[in-house]
Amino acid sequence: MHATLPLLEATDFPAIRRGDLQTLQVNLGYLCNQSCVHCHVNAGPTRTEMMSDDLIDLIPRVLQARDISLLDLTGGAPEMHPRFRDLVGAATAQGVKVMDRCNLTILREPGYESMAAFLAEHRVDIVASMPCYSPANVDQQRGNGVFDKSIAALQALNALGYGQPGSGLALNLVYNPLGPSLPPSQQALEADYKRELRAHFGIEFNALFTLANMPIKRFGSTLISKGQFASYMQLLKDAYQPGNLDGVMCRSLVSVDWQGYLYDCDFNQQLELPLPGQGSRPELHSLLVEDVHGAEIRTADHCYGCTAGQGSSCGGALN
């Protein structure tokens, strides 16, 4: 795989600093039941990296110490961590909202049949990967048969109340472009998704998040192999919107990797650019005593991916 960080480090991206810490985003490990072309963490079925029990037990203490309101769980497939349910239960018992970044197909895998009901019981928000409402496009990006499994999972979630008016069970979908292009208008694409998924499959959901593909890891390496890296970076820079800086996720979020190290965002985590200002490798336990408000945010050229066009962050478009 081609290294992308050397192509990103020299940057003219504006300096930005942190606001109040509201979200702890935790990568529980890289084990996943899928291997997707656009995956910026290179997750897959053969990965063995998993967060330790000691770190799992530390997370609720950090949530309480920093008065964090949202625990954002990601992976891989976060549900495949053996302590996933323990962590969700501990966080929700403290009154912390939990968000699960779910690939949907995991809910159809043997051994995970009760996972959807568990998520509903703990009123976990679901952010689900669904790169298109077309079977061919989804299977091209995520693998054969993924579309049908995803539809079945969405229908099961709807049956539990997810995405239904008044249920309070949030079901949001995520769109990534297939290649080196910016996502279309989030509002217009959301309308298309809702119309097509309702008409053909009876599926309801709350919102669609459009995310730009980041020029790092698997996707970035593919761009280099195809000679498209420079042109994609130019596309992101040409579409830069200064107004998006106020809404980028790194202002209110800290990302934690499976080893407990801290980063400004999930993308910096994958580039191994640690949280600045607290030594070479700041760790999760430091948040028990240290506040990151006002701290410098480490930037590089990939940050243009969050500020191009409508903007793209963990919660979708920024404007």
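Analyst: We may begin with Arg123, which is partly exposed at a relative accessible area of 41%. Buried means under 20% relative accessible area, exposed over 50%, and partly exposed in between, with a 1.4 Å probe and protein chains only. This is a predicted model, in which local features need pLDDT of at least 70 and side-chain atom pairs count only at pLDDT 80 or more, while totals for chains, interfaces and linings use all residues. Residues are numbered from 1 along each chain as its sequence is written, and side-chain values use heavy atoms, leaving out hydrogens and water.

User: What is the phi of Arg123?

Analyst: Arg123 has a positive phi of about 55°, although it is not a glycine. Most residues other than glycine have a negative phi, and most peptide bonds are trans. Arg123 lies in the loop between helix 3 and strand 4 (125-129). Helices (H or I, at least four residues) and strands (E, at least two) are DSSP runs, numbered from the N terminus.

User: And Glu272, where is that found?

Analyst: Glu272 is in the loop between helix 9 (266-270) and helix 10. Its phi is also positive, near 60°, and Glu272 is a residue other than glycine. With 62% relative accessibility, Glu272 counts as exposed.

User: Which residues does the cis peptide bond join?

Analyst: The cis bond joins Gly75 and Gly76, with omega about 25°. Gly76 sits in the loop between strand 2 and helix 2.

User: Let us turn to helix 2, then. Which of its residues are buried?

Analyst: In helix 2 (residues 84-93), Phe84, Leu87, Val88 and Ala91 are buried. They lie on the same side of helix 2 because they cover an arc of only 100° around the axis; the arc is that of the directions from the helix axis to the C-beta atoms.

User: What do they pack against?

Analyst: The buried residues of helix 2 pack against helix 1 (53-65), strand 2 (70-74), strand 3 (97-102) and helix 3 (115-121). Contact here means heavy atoms within 4.5 Å. Just after helix 2, Gly95 takes a positive phi of about 85°.

User: How is helix 8 arranged, and which of its residues are buried?

Analyst: Phe229, Tyr232, Met233 and Leu236 are the buried residues named in helix 8 (residues 229-238). Their arc around the axis is only 100°, which puts them on the same side of helix 8. Ala230 and Asp238, on the other side, are exposed. The buried residues of helix 8 pack against helix 7 (217-225) and helix 10 (304-307).

User: How many residues has the largest nonpolar core?

Analyst: That core has 62 residues, and those with the most contacts inside it are Leu24, Leu71, Leu173, Tyr193 and Leu284. Helix 1 gives the most to this core, with six residues. A nonpolar core is a set of buried Ala, Val, Leu, Ile, Met, Phe, Trp, Tyr and Cys residues joined through side-chain atoms within 4.5 Å. A second, separate core of 28 residues includes Leu8, Ile16, Met249 and Cys265.

User: One last topic: is strand 6 covered on one face or both?

Analyst: Both faces of strand 6 (residues 207-210) are covered, with Ala207 and Phe209 buried on one side and Leu208 and Thr210 buried on the other. Strand 5 (residues 171-175) runs parallel to strand 6, and four bridges join them; two strands pair if DSSP finds at least two bridges between them. Tyr175 stands opposite Thr210 in strand 6.
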